[in-house]
Amino acid sequence: VLTTTGENPLGIRPIPGLLFSFSIPAIISCLVNSVYNIVDQIFIGWGVGYIGNSATNVIFPLTVFAAALGVLFGDGAATYLSLKLGRNEKEDAKKGVTNGILSAVICGILLLIISAVFLEQIEILFGATEAVLPYGIAYGRIIVIGFPFVVISTTLCSIIRADGSPKVAMASLLIGAVWN
C-alpha cells in the first residue's frame with residue numbers, strides 16, 4: 001500500500017508506528033492459525049477418534065515443512081525486495097520477487113510429487129503404527145494436494161507484508177481459514 005505521495009510507508013513512517021501496524025495483523029494471523037489447528041483436531045477427534053488425530057499428527061511435519069519452504073522463499077524475496085526498493089532499484093526488486101514466487105511454485109509442486117509417491121514411507125518414518133497408517137494415507141493423500149498452495153500462499157504473504165500491506169496478508173489468511 002503506497003502513501004498519498006506514492007511511496008512505500010516502510011521507507012518514510014516512524015519505526016514505532018510501523019511495528020504496531022505490522023505486529024497486530026501478524027498476531028491475529030498466528031492466533032487464527034492456532035485456533036484453526038485446534039478446531040481441526042476437535043472435529044477429527046469427534047468424527048474419527050484418537051486414531052484420526054494420530055493420523056493428522058503423522059502428516060503434520062510435512063505440512064510444517066511446506067510452510068517452512070514458503071517462509072524460506074517468501075522471507076528471502078521480501079528481504080531482497082526491501083533492499084532493492086531502499087536503493088530505488090525497482091527492476092531488480094521485480095526480478096527478485098519473480099524468482100521467489102517461481103521457486104515457491106516449483107518447490108511446492110516437487111513437494112507434492114515426492115510426498116504423494118513416498119507418503120507411506122514418510123508416515124512410517126514419522127512414527128505411524130499399523131493401526132494409524134491407513135488413516136494417515138487417506139488423510140495425507142488429500143493434504144499433499146494442498147502443498148503447492150501452502151508454499152505459494154506463505155511466500156506471497158511475506159512479499160505482501162514487505163510491500164507494506166500487512167492487513168492484506170492477514171486478510172488472505174483469514175479468508176482461507178474461514179473458507180476451510
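**How helix α5 packs in this model**

Biologist: Happy to look at this with you; which way does α2 pass α5?

Modeller: α2 passes α5 in a right-handed crossing, meaning that the near helix is turned clockwise from the far one by less than a right angle. Please note that this is a predicted model, where local features need pLDDT of at least 70, side-chain atom pairs count only at pLDDT 80 or more, and totals for chains, interfaces and linings use all residues. Residues are numbered from 1 along each chain as its sequence is written, and side-chain values use heavy atoms, leaving out hydrogens and water.

Biologist: Why are α2 and α5 called oblique to each other?

Modeller: Helix α2 (residues 50-86) and helix α5 (residues 133-143) pack at about 45°, their axes 8 Å apart. Angles under 35 degrees count as roughly parallel, over 145 as roughly antiparallel, 65 to 115 as roughly perpendicular and the rest as oblique, so α2 and α5 are oblique.

Biologist: Which residues meet there?

Modeller: Ile51, Ala55, Thr56, Ile59 and Thr63 in α2 meet Tyr135, Gly136, Tyr139, Gly140 and Ile143 in α5 (contact means heavy atoms within 4.5 Å). They divide into six nonpolar, four polar and no charged, with Gly counted among the polar.

Biologist: How do you know that the buried residues of α5 line one face?

Modeller: Those residues are Leu133, Gly136 and Gly140. Seen down the axis of α5, they fall within an arc of 55°, so they line one face.

Biologist: What makes Gly45 partly exposed?

Modeller: Its relative accessible area is 24%. Buried means under 20%, exposed over 50%, and partly exposed in between, so Gly45 is partly exposed.

Note on methods. Axes are lines fitted to C-alpha atoms, for helices over the stretch in contact, and angles run from 0 to 180 degrees between N-to-C directions. Helices (H or I, at least four residues) and strands (E, at least two) are DSSP runs, numbered from the N terminus. Buried means under 20% relative accessible area, exposed over 50%, partly exposed in between (1.4 Å probe, protein chains only). The arc is that of the directions from the helix axis to the C-beta atoms.
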